[in-house]
Structures are given as structure tokens and as C-alpha cells.
Amino acid sequence: MTATAPAPTVRDMGQPAVHLKDLNMVFRGAQGDTVALKDANLDIAQGEFISLIGPSGCGKTTLLRLMADLIKPTGGELLVGGKSPAQARQERAYGYVFQAPALLEWRTVLNNVLLPLDVMNTPKATRQARAHEMLKLVGLEGFAGRYPWQLSGGMQQRVSIARALAFDPNLLLMDEPFGALDEITREHLNGELLRLWQETGKTGGFVTHGISEAVFLSTRVVVMTSRPGKIEGVVDIDLPYPRNVETRESPRFFELATKVRELLRRGHGFDADD
Ligand SMILES: Nc1ncnc2c1ncn2[C@@H]1O[C@H](COP(=O)(O)OP(=O)(O)OP(=O)(O)O)[C@@H](O)[C@H]1O
């Protein structure tokens with residue numbers, strides 16, 4: 001399905017959804033220190049969709065994990081919705097989707113989506129309705145009774161997204177959710193994710209290796225480089241909505257993809273002619 005909802009209102013410059021100021025993350029190890037993130041500065045506005053792109057090891061997952069309070073920064077400032085990541089986590093301000101679907105094989109699709117609601121003891125009367133609503137949102141209402149192993153990889157990731165949205169978080173963090181899928185399935189799911197983002201008005205943080213995917217989905221693409229991991233540049237994606245197959249074939253799409261590619265090449269130390 002292609003996105004048909006009206007363009008979202010982004011860049012609400014009130015309280016940023018995420019605020020990074022000189023953020024640093026150094027992993028200390030027996031073999032020496034790894035500077036996974038150096039002096040990162042970024043504000044993500046409410047309702048934006050930001051992609052993080054860059055070579056392997058440049059700190060994309062680290063940045064996402066910091067936002068999700070899965071690890072603590074070694075320096076700098078990080079606020080999620082104006083609060084510390086720990087507080088944001090307690091208040092269920094974000095949902096997290098991992099690279100692999102991470103579903104419980106012995107629970108049905110519905111019960112996987114219900115899991116966080118069960119754990120948090122959400123009132124029983126609303127739990128089921130909420131889980132069904134989320135499955136509908138990701139286009140899987142007919143699969144509630146199936147088990148994860150009966151679904152394709154793409155469908156499993158949609159269940160993961162439904163589960164991450166169960167608490168109605170403001171921020172949806174996704175770490176290469178479609179990385180293992182074939183190109184056409186990924187393009188289809190990009191369209192679905194864009195629709196979902198527009199329908200829900202969530203703020204999106206998305207890690208990817210795909211330039212097309214990043215440009216198609218995002219309001220801005222954050223290009224990162226490695227050794228040490230840092231933000232090399234940010235590309236504004238001014239493609240109109242709705243975005244669809246034609247969007248990917250438009251001259252502006254190619255211009256923006258080229259811009260992202262040039263920043264990536266600069267980060268790699270390649271010249272334009274290499
Ligand atoms: N828990 C950890 N302990 C030690 N080093 C770590 C840890 N997590 C990440 N690193 C190191 O930090 C750097 C950044 O890793 P990160 O996983 O954030 O990169 P990435 O950009 O997401 O890579 P990829 O695209 O391959 O997933 C790497 O050099 C990695 O080895």
C-alpha cells in the first residue's frame with residue numbers, strides 16, 4: 001500500500017523528541033578503548049522521521065541504544081522528550097524494534113503483541129482491543145492466531161513494530177528492521193512504515209545501510225562516519241508526500257540520494273573519482 005495520508009506536520013520546534021549535545025560513548029576494553037560516538041549534536045523534532053546511515057561500526061546502533069537507555073553515555077547530554085533516557089524508559093516513551101524480530105515462538109502473534117501489556121498489567125479489558133488495533137495498523141489483523149514461525153520475515157518485523165507500538169510511545173526506535181529482507185519486500189514495507197508514521201504522528205529513529213530506504217522514509221538523513229563514530233552531516237529530505245513508487249524514480253530523489261552518498265564517501269575518505 002502506498003502512503004496517501006496528508007503530509008505530517010514536522011519540525012515542531014517545541015520540546016525536541018530527542019536532544020543530543022556533545023554526546024560521547026567510549027567502550028573500555030582489555031584491548032583498548034573504542035570511541036563509538038564522539039561529540040554528537042542533534043535535535044530531533046516531534047513528529048520527524050530520522051534515519052541514521054553510515055559504515056559498519058560508526059555508532060548507529062550505539063546511538064539508538066543510548067536513546068533507549070540500554071547503555072549510558074560516557075559524556076555529554078541526552079534528553080528524550082525533555083527527560084533523561086532512564087525516566088523516558090520508565091514512562092514507556094519509546095518502542096524499540098531490533099534487527100531480528102525477537103518474537104516468542106511459542107506465543108501466537110496476538111500474544112506476542114500482548115506481552116508488554118501483560119507484563120505491565122494493563123487493564124485486561126483494554127489489552128486485547130489495543131493489541132488487535134496494533135495488528136490492524138500493521139496490516140496483520142488476520143494473523144492474530146498464527147505463530148511467528150508461520151509468518152515471513154517481513155511479517156514478523158511488522159509484528160515487532162505492532163508490539164513496540166502497544167504502549168503508544170511517542171518515539172519509535174528501529175535498528176535495521178528490514179535489513180534481512182529482499183529489496184522488493186523492503187520497498188513494500190517502507191511504504192507501509194511511512195503510512196503508519198503518517199497515521200500515528202510518531203517520531204521515528206531508524207538505522208539503515210540503505211541509501212534509498214533512508215531517503216524514501218525520512219524527513220532528515222543523518223550521515224555518520226567511523227573511527228571515531230561521529231555525525232558527518234545531515235541531509236534535509238524535502239520530497240513531497242505522499243511518497244510512492246514514482247517518488248523513488250523522481251529526479252529529486254536521485255539528487256538527495258547522491259548527496260547522502262557523497263557524504264558517506266567523504267566519511268570513508270574516498271574522492272569523487274574513486
Ligand atoms: N558493548 C560494546 N562493547 C565494546 N565495544 C562496543 C560495544 N558495542 C559496540 N561497540 C563498538 O562500538 C563501535 C560502534 O558499534 P555500533 O554497533 O554502534 O556500530 P553500527 O554503526 O551500528 O554498526 P553496524 O552497521 O555493523 O550494525 C564498534 O567499533 C563496536 O565494535
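Author: What follows goes through the model by topic.

Author: This is a predicted model, in which local features need pLDDT of at least 70, side-chain atom pairs count only at pLDDT 80 or more, and totals for chains, interfaces and linings use all residues. Residues are numbered from 1 along each chain as its sequence is written.

Reader: Where does UniProt place the feature "domain: ABC transporter"?

Author: UniProt positions are given in the numbering used here, with feature names shortened, and annotations may be inferred rather than shown by experiment. The unreviewed entry places this feature at residues 18-251.

Reader: What are the helix and strand percentages over residues 18-251?

Author: Helices (H or I, at least four residues) and strands (E, at least two) are DSSP runs, numbered from the N terminus. Over residues 18-251 the chain is 35% helix and 27% strand, and 31 Å separates the end C-alpha atoms.

Reader: What is the order of the open sheet of three strands?

Author: Two strands pair if DSSP finds at least two bridges between them. Here the order is β2-β1-β4, and the pairing is antiparallel. The edge strands, β2 and β4 (75-80), each pair on one side only. From one strand to the next, the twist averages 30 degrees; for such angles, axes are lines fitted to C-alpha atoms, for helices over the stretch in contact, and values run from 0 to 180 degrees between N-to-C directions.

Reader: How many bridges join β1 to β2?

Author: Nine bridges join these antiparallel strands. In one case, His19 has Asp43 in β2 as its bridge partner.

Reader: Which residues are closest to the ligand?

Author: A residue is near a molecule or strand if its C-beta atom, placed from the backbone, lies within 6 Å of it. The ligand is surrounded by 13 residues, and the closest are Phe27, Ala36, Ser56, Thr61 and Thr62. At least two residues of this shell come from each of β1 (18-29), β2 (32-44) and α1 (60-67). The most come from α1, which gives three.

Reader: How many residues of the shell are nonpolar, polar or charged?

Author: Ala, Val, Leu, Ile, Met, Phe, Trp, Tyr, Cys and Pro count as nonpolar, Asp, Glu, Lys and Arg as charged, and the others, Gly among them, as polar. The shell around the ligand has three nonpolar residues, nine polar and one charged.

Reader: How many bridges join strand β8 to strand β9?

Author: Six bridges join β8 (residues 220-225) to β9 (residues 230-236), and the two run antiparallel. Thr225 stands opposite Lys230 in β9. The hairpin has four residues between the strands.

Reader: Why does Arg227 count as partly exposed?

Author: A residue is buried if 20 or more other C-beta atoms lie within 10 Å of its own, exposed if 12 or fewer, and partly exposed in between, with C-beta atoms placed from the backbone. Arg227 counts as partly exposed because it has 13 C-beta neighbours inside 10 Å. Ala102 has 14 such neighbours and so is partly exposed.
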